[in-house]
Amino acid sequence: MNTLSDQQLIHLYLDGDVEALTNLVHRYKDKIYTSIYLLVKDKYLAEDIFQDAFIRVIDTINGGRYTDEGKFLPWAMRIAHNLCVDHFRKVKRSPSIKTSDDRDIFEVINFSEAGADEKMMQGQSHERVRKLLEMLPEDQREVIVMRHYADLSFKEIAKLTNCSINTALGRMRYGLINLRKMMTEKQIAL
């Protein structure tokens, strides 16, 4: 099944082969989850949004509303991105608990302990990148996440973010410039 196209897997699923859908989910789960995680910055929230995204994907396919254009990943990414936007809209309307230095209380409290092996070299490098990404303006961070972690084209990114391709390219360029500048200022090596 790994050699089948996304379209073929969807057709097999619609014909009753549940394994085809499982294969499709596994094909893109890392890209979609990572892009969600880098937008929401919370492991458990990212898992919830990821599950919601695939529930919507399955409902749309089952309802016959999926148009088979051979662009499954951008379509699934758009659903995940919209769910992230919806989450932030809800959060804006709800009050947050702030510490005395104006940080969200849930950013300060760490509820889970990672294993020692997770904290080693690769984890440290990923954490540095995440922290640097968090310091970027949202529009720049969003384009970098979609391009590098979700592997979307600039045309797809422009469509998802409702901007021109040139704007998406510019945001990417300035985001990378800002990342390099922060790495130099903070003397960070990956």
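Visitor: Is phenylalanine 72 buried or exposed?
Guide: The structure is a predicted model. Phenylalanine 72 has a relative accessible area of 1%. Buried means under 20%, so the class of phenylalanine 72 is buried.

Visitor: What is the geometry of the aromatic pair of tyrosine 66 and tryptophan 75?
Guide: Their centres are 4.4 Å apart, with 50 degrees between the planes. Planes under 30 degrees apart would count as stacked and over 60 as edge-to-face. Because 50 degrees falls between these cut-offs, the pair is tilted.

Visitor: How many aromatic pairs are there, and what is the geometry of tyrosine 66 with phenylalanine 72?
Guide: The count of aromatic pairs comes to seven. In the pair of tyrosine 66 and phenylalanine 72, the planes are 70 degrees apart and the centres 6.4 Å apart.

Visitor: Which residues do ring pairs link into a cluster?
Guide: Tyrosine 66 is buried at 14% relative accessibility, and tryptophan 75 is buried too. Ring pairs join both of them into a cluster with two other residues. The members of the cluster are Tyr28, Tyr66, Phe72 and Trp75.

Visitor: Which side chain of opposite charge is nearest to glutamate 142, and how far away is it?
Guide: Glutamate 142 sits in helix α7, residues 138–149, and is buried without a salt bridge. A salt bridge needs a nitrogen-to-oxygen distance within 4 Å. The nearest side chain of opposite charge is arginine 171, at 5.1 Å.

Visitor: Which residues does glutamate 142 touch, not counting residues up to four places away in sequence?
Guide: Contact here means heavy atoms within 4.5 Å. With residues up to four places away in sequence left out, glutamate 142 touches Leu39, His81 and Thr161.

Visitor: What is phi of lysine 41?
Guide: Lysine 41 lies in the loop between α2 (18–40) and α3 (43–62). Lysine 41 is partly exposed, at 35% relative accessible area. Its phi is positive, in a residue other than glycine, and is near 60 degrees.

Visitor: Where does asparagine 162 lie, and what is its phi?
Guide: Asparagine 162 is in the loop between α8 (154–161) and α9 (165–185). With a relative accessible area of 71%, asparagine 162 is exposed. The phi of asparagine 162, again positive in a residue other than glycine, is near 55 degrees.

Visitor: How far is arginine 173 from the ring centre of tyrosine 174?
Guide: Arginine 173 lies over the face of the tyrosine 174 ring. The cut-off for a charge over a ring is within 6 Å of the ring centre. For arginine 173 the distance is 5.3 Å.

Definitions and conventions
Residues are numbered from 1 along each chain as its sequence is written. This is a predicted model: local features need pLDDT of at least 70, side-chain atom pairs count only at pLDDT 80 or more; totals for chains, interfaces and linings use all residues. Side-chain values use heavy atoms; hydrogens and water are left out. Helices (H or I, at least four residues) and strands (E, at least two) are DSSP runs, numbered from the N terminus. Buried means under 20% relative accessible area, exposed over 50%, partly exposed in between (1.4 Å probe, protein chains only). Lys and Arg count as positive and Asp and Glu as negative; His and the chain ends are not counted. Rings of Phe, Tyr and Trp (its six-membered ring) pair if their centres lie within 6.5 Å; planes under 30 degrees apart count as stacked, over 60 as edge-to-face and the rest as tilted. A charge sits over a ring if NZ of Lys or CZ of Arg is within 6 Å of the ring centre and within 35 degrees of the ring normal.
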